[in-house]
Amino acid sequence: MLPMTQEDGDLDSLVRKRLRALRVAQGWSLEELAKRANLSQSSLSRIENGQRRLALDQLVTLARALDTTLDQLVETATDDVVTSPTVDAAHGRMRWSIKADPGMSVVRQRLTEPPPVNPARMRAHPGREWLVVLSGTAILMLGHRRLRLETNQAAEFPTMMPHAVGTEGGPCEILGIFDRDARRGHQRDDADGPQSPPA
């Protein structure tokens, strides 16, 4: 059983509310979730209403049935909800780390140069990237392909394929999400000196 001290009362109540909210969001009755979690409907009702103690094994089962994780089910709100970016003026970038996954980061960048013509200047590294064009027109060089991305269009691709991003017809702004490997790849490229604009 989960220890239920005075301090844990708020967490206990929060978890019960989340269980019910997730069930309702799925459009499931108590009976439906109970069936999916191999619990009796009365047991689930007592769990949601605080009439039964929360058992760790039941929470794991309920989290799976609700397509979430135990960590997400029991996480508490933090005071540091708002974060400020790290500004990299030399590369025209702002970077935000994602707290839930420190390996992930979000980058906003203003591009002013077209992508490189020479394929040798394209980069490849492990990982995946996703980017959306906030304004202007971006050109994504991906292997032998040249893809034009207009405002609000997005692209997602594996970064083992040689790639580079530039602009066409004037400056553009992009917002990108980098997984851990892609972020490391770009950090190494930046340390090696000027290269093509990062994807």
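Mentor: At 63% relative accessibility, Asn-152 counts as exposed (over 50% relative accessible area, with buried under 20% and partly exposed in between, for a 1.4 Å probe and protein chains only). This is a predicted model, in which local features need pLDDT of at least 70 and side-chain atom pairs count only at pLDDT 80 or more, while totals for chains, interfaces and linings use all residues. Residues are numbered from 1 along each chain as its sequence is written, and side-chain values use heavy atoms, without hydrogens or water.

Asn-152 sits in the loop between strand 6 and strand 7, the latter covering 154-158 (strands are DSSP runs of E, at least two residues, and helices runs of H or I, at least four, numbered from the N terminus). The phi of Asn-152 is near 75 degrees, a positive value in a residue other than glycine.

Ile-139, for instance, has Arg-148 of strand 6 as its bridge partner. Two residues lie between strand 5 and strand 6 in this hairpin, and Gly-143, in the turn, also has a positive phi, of about 65 degrees.

Leu-140 and Leu-142 belong to a core of 12 residues, whose members also include Ala-155 and Ile-174, and this core lies apart from the largest nonpolar core, which has 15 residues (a core joins buried Ala, Val, Leu, Ile, Met, Phe, Trp, Tyr and Cys through side-chain atoms within 4.5 Å). The residues of the largest core that touch the most other members are Val-15, Leu-19, Leu-33, Leu-59, Leu-62 and Leu-73, and helix 4 gives the largest share of that core, four residues.

A positive phi also occurs at Asp-67, near 60 degrees, again in a residue other than glycine. Asp-67 lies in the loop between helix 4 and helix 5 (70-74), and is exposed, with a relative accessible area of 70%.

Notes. Two strands pair if DSSP finds at least two bridges between them.
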